[in-house]
Amino acid sequence: MSTRTPWWIRVPVLFFLIFGLMEYFIDSGDKPAIIEYPITQFFMLLVLMILIAIELILGSIENIMFQTLSAEGKEKYLAAKNKKFEWTWAKNVMSKLTRSRSIEKEGEIILDHNYDGIRELDNVLPPWWVYLFYGTMIFAVIYLVRFHIVGDYDQKLEYEQEVAAAQLAIDEYKKTAKDLVDVNTVEFLSDASDLSAGEKIFQGNCVACHMADGGGGIGPNLTDEYWILGGGIKNVFHTISEGGRDGKGMIAWKQSLKPAEIAQVASYVLTLGGTTPANPKEAQGDLWVDPNAPQQPEGTESETPPVEQVSDSTTVAMD
Ligand code: HEC
């Protein structure tokens, strides 16, 4: 019994083994089972208690057996028990991997040379190093054949595959995280579902001041091309989210609307542009010209090439 592993190794090992098995077999989604199902905490507590109980029982059995031993047997038993627990297995592996000689045996491998009293040991190469070296040789052969002779794939292809996979993951993520939109990333939403959701929000929150058709009342006309706070999806999103100028009555809607909802209602507001409301309020603000819209060159087109088109030695050919 003396070679048995001590209890302070046995109990934790068994405990975490059971814990691991439990986590493996109980399907608890993203979260570990121990958090998802609190009953498992109780279960693990029970396991711990049973393990301790088993240890105690084994201990007392050993004790009783000890009492039945003869005096000589008792002595032997105690001597064996006092031998400290040793990592025999680990020690064996270690000596196999290094094949090092103990200092006492160094005499067997010492070389004849004697350089002013400095002598040399003829140690073998440690097996862990030798096998590692063989491993690199095998690796090199496989690598050479696979990538230089067969031409399996190259870094560029690998990179492109990873970028494509990442792009898919980003698209997937964006679908589930619409609320990530903010004033810098917002785009006009042209989906019918988004626009009808935007219309609902508009009818529910905004008609008191902007009228159901956007013609304006307390708030400005939203159907014309004149905007006080700037047109285009980004400005409109910003106005709805942060509110108008102080004291004008347009509150910051980010308190009550989610970013995705603001994007929807902003898109809906933009679809009102160009419609004819029943009682349009007079235009306020400035005529909005989209700075990103492709600009129509005015007048005649010049025949001479633009001055900037001088060849530039720093231009880099892009792949
Ligand atoms: C209490 C009245 C009121 C309500 C409700 C209201 N607004 Fe406004 N809105 C205003 C006023 C007043 C302004 C002008 C703000 C300014 O001049 O700074 C304005 C400005 C705007 C502008 C900018 C117009 C421009 O010319 O730049 C947009 C876009 C807008 N509102 C959209 C909405 C949306 C969408 C809702 C509903 C979620 C809403 N508003 C609810 C009063 C209101």
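**The H10/H11 pair**

Modeller: Helices H10 and H11 cross in a right-handed sense. Bear in mind that this is a predicted model. The two axes run 9 Å apart, and the packing angle is about 125°. That value falls between 115 and 145 degrees, so H10 counts as oblique to H11. On the H10 side, the contact uses Ile233, Val236, Phe237, Ile240 and Ser241. H11 answers with Ile262, Ala263, Val265, Ala266, Ser267, Val269 and Leu270. Sorted by class, that contact comes out as ten nonpolar residues and two polar ones, with no charged residue in it.

Now for the ligand, where both helices turn up again. H10 (232–242) and H11 (259–272) each give at least two residues to the shell around the ligand, and so do H8 (192–205) and H9 (207–210). The shell has 25 residues, and the ones that come nearest to the ligand are Cys206, Cys209, Gly219, Gly244 and Met250. Its make-up by class is 16 nonpolar, seven polar and two charged residues.

Elsewhere in the chain, the unreviewed UniProt entry annotates residues 7–26, 38–58 and 128–149 as "transmembrane region". In the model, residues 38–58 are 95% helix and 0% strand, with 31 Å between the end C-alpha atoms. Residues 128–149 are 100% helix and 0% strand, and their end C-alpha atoms also lie 31 Å apart.

Note on methods
Residues numbered from 1 in each chain as written. Predicted model: local features only at pLDDT ≥ 70, side-chain atom pairs only at ≥ 80, totals over all residues. Near = placed C-beta within 6 Å. Helix = DSSP H or I, 4+ residues; strand = E, 2+ residues; numbered from the N terminus. Nonpolar A, V, L, I, M, F, W, Y, C, P; charged D, E, K, R; others polar. Axes fitted to C-alpha atoms, helices over the stretch in contact; angles between N-to-C directions. Parallel < 35°, antiparallel > 145°, perpendicular 65-115°, else oblique. Left-handed = near helix turned anticlockwise from the far one by under 90°. Contact = placed C-beta atoms within 7 Å. UniProt positions renumbered as here; feature names shortened; annotations may be inferred.
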